[in-house]
Amino acid sequence: MASSTLSAPVMQKDIHGWNPCARISSNARVNSHRTLRSPLSMSTLRKPPFFRAHPASIDPPHVSASQRYSLDAKKFPVSCASKFQLDDVIESQQFDTDILNGIFEVAFEMEKIEKNSPGSNILKGYLMATLFYEPSTRTRLSFESAMKRLGGEVLTTENAREFSSAAKGETLEDTIRTVEGYSDIIILRHFEGGAAKRAASTATIPVINAGDGPGQHPTQALLDVYTIKREIGRLDGISLGLVGDLANGRTVRSLAYLIAKYKKVKIYFVAPNVVKMKDDIKDYLTSTGVEWEESSDLLEVASKCDVVYQTRIQKERFGERIDLYEAARGKYIVDRKVLDVLPKHAVIMHPLPRLDEITVDVDGDPRAAYFRQAKNGLYIRMALLKLLLLGW
C-alpha cells in the first residue's frame, strides 16, 4: 500500500471533471478538500457534479488466483486500488473489485489500529458532520466512533428532520452548503431516495451516503461484503440468499449491486409477495450475467447458500397499509430449523435492527455472524474516512 507521504500518480480534477493526463502528488491530495473550501478557491474550483472513484492508469501487480484474505494470512489481494482517489460514497455501482480490495485492505489496517493500540491521530484537526434525517443506531455511532478513533471530532444532529432548519422548510441543498462551512466531511442519512446524489452535487467536501430512503446504503454493502470475505474466505462463487423486505430494504439493493462485481455469484430472493425484489435490481443482475432465482422455500434456499442475509419487514415504509405489513411480517423466520439445513461453513447475516425475523436461540450458533458484521462496520467506516480525507 502506498504511503500518503509519497508521491503517487492520481487523476487531477478541474471544474469540467477529471483530466486523465494531469497528476498531483498525494501530499497535495491530502489537503485537497481543505483547499477547495478556502475562500479564494471556492469560486473557481468545485467538486465534479457527480461521484466517482478513479483508478490511476497504471498496470496492477500480478496477483495469483489463490491469493485471498484469510484470518491467518491477514491479507487482501493487492492491486492498483492503492492508486485510486475517492471523492464521495453514494452508491454501490461506483466501485469495482480493485477499489473494493483497496478499501478492504485499509479496513484491515484500521482493525489492527482499533484492536492493538489506543487509537490514532491521523485525522486530528478534521471535523465530521453527521446529518441524520432518519433514526439510526449502528450507522451513526459507528461513524462517530470511527472518526474519534482516528483522532477527529464530530458535529452531530440525530433527528435532523425534526430538530433542524428542515423543519422550517430549508432545502437539503442549503443545509449542505451551510454545514460544509463547519466541517470537512458530511455523513448523510435521508428519507428521500436520491438525496445523497443531490448533496454530493452541491457540496465541495466529501459526502457519504448513510442511507437514502428506499434507495441505497453503500457503506452497509461494503461492510457486508467485507464480512462475507472475512467469514467465508472468498467472494467469487458465492451463493447468497436475500430474505425479507427486498422491496424497501436499501441494504439488500446495495448488496446486490456490489456482490454482482464478483464471478459466478448466485443470488436467491426469498420474500413475501408484497415486498419482492424490484425489477430494476433483477434487470441489473441479468445484464451483468449474475444468476438469480426467486423462491418461497427458505429451508431449501438455506441448504444451498454460503450466506443467508435476513432483513426485517420495514413497517415505516408501509404508511397506512398496516394490513400489508402484518401479512408480510413473520412469513420467513430464521430459527433452529434453518440452522439444521444450513451448511456448516455458511453464515447468517442481518443489517440490524432485528425484530422477530431471527429467533434469539440462533445467536449462540457460531454461524450467526450479524454482531461480528456490525463490528466490521467500524473498520469499513474508519477506512472510508481515512481515504476520503487523506487519500492513500
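The structure is a predicted model. The protein has 14 helices and 13 strands, and of its 392 residues 56% count as buried. Among the contacts with a separation of 6 or more, 73% are accounted for by residues 24 or more positions apart. The accessible surface of the protein comes to about 16400 Å², and 52% of that surface belongs to carbon and sulfur atoms.

**Helix 14 and its partners**

- Two packed helices are described by the angle between their axes and the distance between the axes.
- Helix 8 packs with helix 14, which spans residues 370–390, at an angle of about 115 degrees and with the two axes 8 Å apart; the crossing of helix 8 and helix 14 is right-handed.
- On the side of helix 8 the contact is made by Thr219, Gln220, Leu222, Leu223, Asp224, Tyr226, Thr227, Arg230 and Glu231, while helix 14 brings Arg372, Gln373, Asn376, Gly377, Ile380, Arg381 and Leu384. By class, this contact of helix 8 with helix 14 has 5 nonpolar, 6 polar and 5 charged residues.
- Helix 4, made up of residues 97–116, packs with helix 14 at an angle of about 110 degrees, with their axes 8 Å apart, and that angle makes helix 4 roughly perpendicular to helix 14. The crossing of helix 4 and helix 14 is right-handed.
- The contact of helix 4 with helix 14 includes Ile103, Phe104, Val106 and Met110 from helix 4, together with Leu378, Tyr379, Ile380 and Leu387, which are among the residues of helix 14 that take part. The residues of this contact divide into 13 nonpolar, no polar and 5 charged.

- Gly215 lies in the loop between strand 8 (207–212) and helix 8 (218–232), and Gly215 counts as buried because its relative accessibility is 19%, where buried means under 20%.
- Leaving aside neighbours within four places in sequence, Gly215 is in contact with Arg250 and Arg253. Although Gly215 and Arg250 are 35 residues apart in sequence, their C-alpha atoms are 5.3 Å apart in space.
- Arg250 and Arg253 are both among the buried residues of helix 9; this helix, residues 250–259, is mostly covered, with 10 of its 10 residues buried.

**Glu153 in strand 6**

- Glu153 is placed in strand 6, which covers residues 153–157, and with 43% relative accessibility Glu153 counts as partly exposed.
- Apart from neighbours within four places in sequence, Glu153 is in contact with Tyr126, Leu127, Met128, Met147 and Lys148. Met128 is 25 residues from Glu153 along the chain, and the C-alpha atoms of these two residues are separated by 6.3 Å.

**Backbone features in loops**

- Most residues other than glycine have a negative phi, and most peptide bonds are trans.
- Leu352, in the loop between strand 13 and helix 14, has a positive phi of about 65 degrees although it is not a glycine, and Leu352 counts as buried at 15% relative accessibility.
- A cis peptide bond, with omega of about 5 degrees, joins Leu352 and Pro353; Pro353 is placed in the loop between strand 13 (347–349) and helix 14.
- Lys264, which is not a glycine either, has a positive phi of about 55 degrees. Lys264 is placed in the loop between helix 9 and strand 10 (266–270), and Lys264 is exposed, with a relative accessible area of 78%.

Technical notes: Residues are numbered from 1 along each chain as its sequence is written. This is a predicted model: local features need pLDDT of at least 70, side-chain atom pairs count only at pLDDT 80 or more; totals for chains, interfaces and linings use all residues. Side-chain values use heavy atoms; hydrogens and water are left out. Helices (H or I, at least four residues) and strands (E, at least two) are DSSP runs, numbered from the N terminus. Buried means under 20% relative accessible area, exposed over 50%, partly exposed in between (1.4 Å probe, protein chains only). Contact means heavy atoms within 4.5 Å. Axes are lines fitted to C-alpha atoms, for helices over the stretch in contact, and angles run from 0 to 180 degrees between N-to-C directions. A crossing is left-handed if the near helix is turned anticlockwise from the far one by less than a right angle, and right-handed if clockwise. Ala, Val, Leu, Ile, Met, Phe, Trp, Tyr, Cys and Pro count as nonpolar, Asp, Glu, Lys and Arg as charged, and the others, Gly among them, as polar. Angles under 35 degrees count as roughly parallel, over 145 as roughly antiparallel, 65 to 115 as roughly perpendicular and the rest as oblique. Accessible areas come from the Shrake-Rupley method with a 1.4 Å probe; for residues, only the protein chains shown count as cover.
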